[in-house]
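Please examine the sequence and the structure before reading on.

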Amino acid sequence: MARKNTKSDSKSSRKTILLGFAVRQRGPSGKWRIRFLWGRIFGTLALLVIASYLAGATAIYFYFKERKSYEEVSYTDVLTLPWNMEGFQKQRGDYEIEQAKQYLRESDVRKAYFFLRSGVVHNPTNLEGRSMLSEFSLLAKRPPEDAISIMRGGIPYAGNDKEYLKRYIQMLLRYQQDQEVMDVADNLLSKDPGPEVQRLLALAAATAHYYRGDFDQAEDYVRDYDLDDDLEGTLLSANISWDRGQQQAAISKLESSLGKYPNDEPIYALMSRFYRDMGEHAKARRYAVLRNINSPLSVTPRIDLLYSLDNTDQQERADREAETILHQFGDNEKALIALANYATDSGRVDLARRIYEAALENDFNIAPFALLLVEAHITSSDYQGAINFTEELAKEKPEWMERNLGVFNSLRAVAYYGIGNKDYSDIYLEQFLKQSSVRVDTLIAVSRRFVDLGGKEQARKILTKAIEANSDNQAALSRLIELEIDMGNSAQLGTYLKKLLQMRRPSADLLMKAYRSLGSDRFIYTQDRETLLIELDTIIHPEKQRPS
């Protein structure tokens, strides 16, 4: 009976509280004490955490599966998400890019773009996605910088991916971002990439320097990386020699390369152009025919032949061939560009206009066709026609005009000069010279247009601008020196000549012209005249320096 009372007292003195996570118990002294059941608490908490985690994972799983259309997500992927967030995002990005490709195959461009953009955000290392997204940006006619920025973001992940780097560099060169090409090439070359990527980068840097007229630096890359051992390097090296005024050296490089590479067509093309520029039209036509035989289905050899036919007084045959090319290649943008260049160079306004209309019908990038049509008017001396067309374009204000404003204004300046309106010509010339991204070859081409029209002072201003922007531009400096001699300007002639003599192998013809001019009374006040005459004589007549 006493034992039963003890058990009853024990139960009455011990009660569970707080949902069973603690007990209230009376001590020997009769006071109540609370004791927490930690094992039960932690066990329950663990079960709650696990249940919450599983519930959250389930919600996230269905969120990606249903709301984000990420059909390849697995429950295991979601469960391990806290420990594999980066991997999960990359996997998701890859999936979205694959989905974008599928939507493209189904011609659903809107969804394709949505998934592609999201895929690149989630996996910035996916270079294929970046390339596709940049192409989307261009097709959407967004600023080229947007597409370039997308490609630029993939450079840290590109490594030895030659195709990605090639596409990025081509885009930079296409939009005249030559300095970025140089910077990227130098940076990646310093990391000792594989042989193929190394040649790609070196050729890109050499080409960028060539475009900017930095012939010394371009030749450094050609020599240091043996670029003239392949076709592209050989062509670049020949162009450098040609632009330096070393015509025979340029032709010799090409002639010695015939039969060396699988395809001689590019060599024939360049040789034909060189001989045409030299006025040796029979040789130019010979190589144009060889080029046409070598690539009978290509349009460019046929256009090259058009130039030769023009120069050998076979204009009617050239007209017939041009019509045939326009009919056969009217839906080919690259072919039309090549034909438009021919129409411009030969002053065939009607042909240039029909090419422009064909480009409009096919929704091609219209900017080059419009500019070439303006230039065709100028070449044919139809300056008023050029003005009328530029004014028509200016009223329409097409999107491409802002990106090509420098070239557009240069053509307007030439056209107004052609009709004798010097005031308007000067206005547009000043606007043209304010553009900071104009390439050297464009400046030289515009200066040549003004020289042909007798605008030597305008040409001098353009070439001076080119030298101020890049004092190492040998092509611009050479033309400026020639112009200064023709105009009888002696103030800066000595400075320009000293700079030219510090460069590699200047044109022999120009050096002889400078030597004869400095020896006349017309340039008697040229700075450092006597020193320059001695130095020029040493270069022109090296045999005088040999001991007898």
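How far apart are the end C-alpha atoms of helix 10 (residues 178-189)? They are 16 Å apart, which agrees with the 16 Å that its 12 residues should span at 1.5 Å a residue; the expected span is 1.5 Å times one less than the number of residues. Helices (H or I, at least four residues) are DSSP runs, numbered from the N terminus.

The model is predicted: local features need pLDDT of at least 70, side-chain atom pairs count only at pLDDT 80 or more, and totals for chains, interfaces and linings use all residues. Residues are numbered from 1 along each chain as its sequence is written, and side-chain values use heavy atoms, with hydrogens and water left out.

Buried residues of helix 10 include Asp178, Glu180, Val181 and Met182, where buried means under 20% relative accessible area, exposed over 50% and partly exposed in between (1.4 Å probe, protein chains only). Val184, Ala185, Leu188 and Leu189 of helix 10 are also buried. Among the elements that cover these residues are helix 9 (162-174) and helix 11 (195-211), contact being heavy atoms within 4.5 Å.

The whole structure holds 14 aromatic pairs. Tyr221 and Tyr225 form a stacked pair, 6.2 Å centre to centre with 15 degrees between the planes. Rings of Phe, Tyr and Trp (its six-membered ring) pair if their centres lie within 6.5 Å; planes under 30 degrees apart count as stacked, over 60 as edge-to-face and the rest as tilted. Tyr221 counts as buried because its relative accessibility is 13%, whereas Tyr225, at 24%, counts as partly exposed. Tyr210, Tyr211 and Phe215 form one aromatic cluster.

Charges also sit over rings (NZ of Lys or CZ of Arg within 6 Å of the ring centre and within 35 degrees of the ring normal).

| Charged residue | Ring | Distance from ring centre |
|---|---|---|
| Arg276 | Tyr307 | 4.2 Å |
| Lys422 | Tyr417 | 4.7 Å |

Terms used
Helix = DSSP H or I, 4+ residues; strand = E, 2+ residues; numbered from the N terminus.
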